[in-house]
Amino acid sequence: MAPSEKATAATQINTLVEHFNRQRHLFQQMVENLRNAFDASDDLRKLIHSHKFRIKDPEHLRDKLQRKAHKATEAHVPFDITTGNLAQKINDLAGFRIIHLHTRQFESINKTLLDIFEFNNYPLIEQPRAKTWDDETREYFASLGVAVEPNDRMYTSVHYVVGSNSKAQVTCEIQVRTLSEEIWGEVDHKVNYPHPNDDVSCREQIKVLARVTSSCSRLVDSIFATHTDRENVRSKNGIEVPRTRPPKRESRARGRK
């Protein structure tokens, strides 16, 4: 990038970050409204483990814009992000994460989320997209009609982008993932994102962790599938089996000889 181009891009990026800082309260208001809508849904509360949200750190935004400006220069295309389209071009300025226990819950979670968006007038800017590296997981999401996007970073999550239900020109990215996938995501985010870790051993360990957490998700899926089958058999046969408790150990007093 020529010095003049660098100076122009730096000025443009400063303007974008300043604009975001002035609009930050609108993104905060949006995620808080989304949280209220999610918490008000009995159906969603029964399906999920937890949720959390964040507003993008301004310096993280600056770093992301710098990377996009560099890519634009290398591709010989304009760096076309402006204050008017910032929230559309960078759609994770506000982020909401929904965490659930096992994979097969997603079908019901997806339906419930779409109902919440419709009821509360949140326009769906981007339909759900499943980002995953795992073939079996990819097949599951595809069977539900969810668009699948391969991910070489061994990342797994389903992404939605919704717009505001007010006049504010803001968006929010919503991620849905299992608790096991959240473990990998948090570790990778700390040590390997947004800039890849230059330690080969660390990168390989992150790949191993991805496979371990994928196996963990499968085990949790199996546990819940077994539990559901057992409950269905009980219900079908009208059998009520009391929850068993481990037998109490009898305490034997030792007499003195």
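**Aromatic pairs and backbone geometry**

Phe-106 is buried, with a relative accessible area of 1% (buried means under 20%, exposed over 50% and partly exposed in between, with a 1.4 Å probe and protein chains only). The model is predicted, so local features need pLDDT of at least 70 and side-chain atom pairs count only at pLDDT 80 or more, while totals for chains, interfaces and linings use all residues. Residues are numbered from 1 along each chain as its sequence is written, and side-chain values use heavy atoms, with hydrogens and water left out.

Seven aromatic pairs are found in the whole structure (rings of Phe, Tyr and Trp, the last by its six-membered ring, with centres within 6.5 Å; planes under 30 degrees apart are stacked, over 60 edge-to-face, the rest tilted). Among them, Phe-106 and Phe-141 are edge-to-face, at 5.2 Å centre to centre and 90° between the planes. This pair links helix α5 (residues 106–119) to helix α6 (residues 135–143), the two residues being 35 residues apart (helices are DSSP runs of H or I of at least four residues, strands runs of E of at least two, numbered from the N terminus). Phe-141 is buried, at 6%. Tyr-155 and Trp-184 are also edge-to-face, at 6.4 Å and 65°, and both are buried.

Most residues other than glycine have a negative phi, and most peptide bonds are trans. Met-154, in the loop between β4 (147–150) and β5 (157–163), has a positive phi of about 70° and is buried at 9%. His-76 has a phi near 60° and is exposed, at 75% relative accessibility. A cis peptide bond joins Tyr-193 and Pro-194, with omega about 5°.
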